[in-house]
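These are my notebook entries on one protein model. I set down what I looked up, beginning with a term that I needed.

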Amino acid sequence: MTTVSPTPDTTPVATALGTPQVSATHNPPPSMRLRELAFGAAVAGAVRAAARLGVADALGETPASAAELALVVDAEPVPLRRLMRALCCYGIFSETADGTFTHTEMSRLLREDDPNSLRYISLWCTEPWTWEVWPRLDDAVRSGTTVFPETFGKGFFEYLHQDAGESAQVFNRAMTTSSMQSAQDVADLLDLTGVTSVADIGGGQGHVLASLLEKHPSVHGTLLDLPGVVARADARLRDGGKLADRVRIVPGDCREDIPFEVDLYIIKNILEWDDESTRRTLRNVVAAARPGARVVIIENLVDDTPSMRFTTAMDLLLLLNVGGAKHTRESLVGRMSDAGLRVGEVHPVNAYLHAFECTVP
């Protein structure tokens, strides 16, 4: 997308609504804070609109007016300025004294070319289906299970792939982005001393596995996930890729079987299904592994984490769409112990992930 070229703003757009300087760090009284929270959908909608319009991509390093940005993103200047004003209240963009807008650390994360981009994550969390299920959160709390089949007439993933193709693409991009961004954190954390073989269970496209193999040239790896997922594996792992000679790609469902032995099994961000699926996966690992094998389980937690607002929100969304849940430290340790794993130390991976070191007795 072309970025704007700085030109003097001679239109009345910049002053049509005034240029209020709103602090993103204001401390409102409880009554106003609750009002703001009740209007939370407006914030999510504004972030989604900015991402879909590509405003962050359009804004370069020089301050730009709403009129200039509107020309690039094909929008009307006055409504765009209203959108920008709302986003500035939350530190997503900043408004200068002359009514132009500049980037902030958060707005840069909406750029598609930012290495830490959250553009597709922001779109995924605000996809059209989310606006259908959030109003039914009270029903999910009463019943303790997903409201998705009742709302859409079919299960979540069935709906996603049959009826919401664009949303499915956003999901794939969001999961790929998230995996790529955390892969290096995992590779930096894990000590592979004495490990000659590692498997990423339910490892998606294998970004974590690829990062580990790049860092440890003597280690061989196995990627296990559903056939349609591993068919899109990281290019480094596929035939002709620079790591292909050290990799097995195994199509399969870890809830049904794990047909290999390795020194280290990694399970990252997949134990969020119903309890039975989680238990089957962990038991399958224990059944497949030799005594003494390491198992590292990496998950978001809804306690003991600096990202509580994010993880608790994701926990509620999992309840709504698939009937799943994020874990507390206690609940995750309980499921690992029940499966027969010996749980050891727990290490933070980054601000939103924890790694549980386990061994097979």
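I define contact as heavy atoms within 4.5 Å. The model is predicted, so I kept to its limits: local features need pLDDT of at least 70, side-chain atom pairs count only at pLDDT 80 or more, and totals for chains, interfaces and linings use all residues. I number residues from 1 along each chain as its sequence is written, and side-chain values use heavy atoms, with hydrogens and water left out.

**Entry 1: the whole chain**

I looked up the secondary structure and found 18 helices and nine strands in the protein chain. Here helices (H or I, at least four residues) and strands (E, at least two) are DSSP runs, numbered from the N terminus. The protein chain is as compact as a globular protein of its length, because its radius of gyration is 23 Å, close to the 21 Å that the globule rule gives for 361 residues. That radius is taken over C-alpha atoms, and the globule rule is 2.2 Å times the number of residues to the power 0.38. I also noted the box that the C-alpha atoms fill along the principal axes, roughly 75 × 50 × 40 Å.

I then turned to burial. Buried means under 20% relative accessible area, exposed over 50%, and partly exposed in between (1.4 Å probe, protein chains only). Of the 361 residues of the protein chain, 47% count as buried. The accessible surface of the chain is about 17400 Å², and 55% of it belongs to carbon and sulfur atoms. Accessible areas come from the Shrake-Rupley method with a 1.4 Å probe; for residues, only the protein chains shown count as cover.

Among contacts between residues at least 6 apart in sequence, I recorded that 66% join residues at least 24 apart. For charge, I recorded 33 positive and 47 negative side chains, with the centres of the two sets 1 Å apart. Lys and Arg count as positive and Asp and Glu as negative, while His and the chain ends are not counted. The place of a charge is NZ of Lys, CZ of Arg, CG of Asp or CD of Glu.

**Entry 2: annotated spans**

I consulted UniProt, whose positions are given in the numbering used here; feature names are shortened, and annotations may be inferred rather than shown by experiment. An unreviewed entry lists "domain: O-methyltransferase dimerisation" for residues 36-110. That span is 60% helix and 5% strand, and its end C-alpha atoms lie 23 Å apart. The annotation "domain: O-methyltransferase C-terminal", also from an unreviewed entry, covers residues 134-340. Over residues 134-340 I noted 46% helix and 13% strand, with the end C-alpha atoms 37 Å apart.

Most residues other than glycine have a negative phi. D74 lies in the loop between α5 (66-73) and α6 (77-88), and D74 counts as exposed because its relative accessibility is 72%. F93 also is not a glycine, and its phi is positive, about 80°. I found F93 in the loop between α6 and β1 (94-95). Is F93 buried or exposed? F93 is buried, with a relative accessible area of 1%.

V198 is found in strand β3 (residues 197-201) and is buried, at 0% relative accessible area. Leaving aside neighbours within four places in sequence, the residues in contact with V198 include L209, V219, G221, V262 and I266. The C-alpha atoms of V198 and G221 are separated by 4.8 Å, although the two are 23 residues apart along the chain.

I placed S218 in the loop between α14 (207-215) and β4 (220-225), where S218 counts as exposed at 57% relative accessibility. Beyond its neighbours within four places in sequence, S218 is in contact with T196 and R246.

R335 is found in helix α18 (residues 329-338) and counts as buried, at 16% relative accessibility. Which residues is R335 in contact with, leaving aside its neighbours within four places in sequence? They are D275, T278, L282 and H327.

A355 lies in strand β9 (residues 354-359) and counts as buried at 2% relative accessibility. Leaving aside neighbours within four places in sequence, I listed contacts of A355 including L189, I297 and H347.
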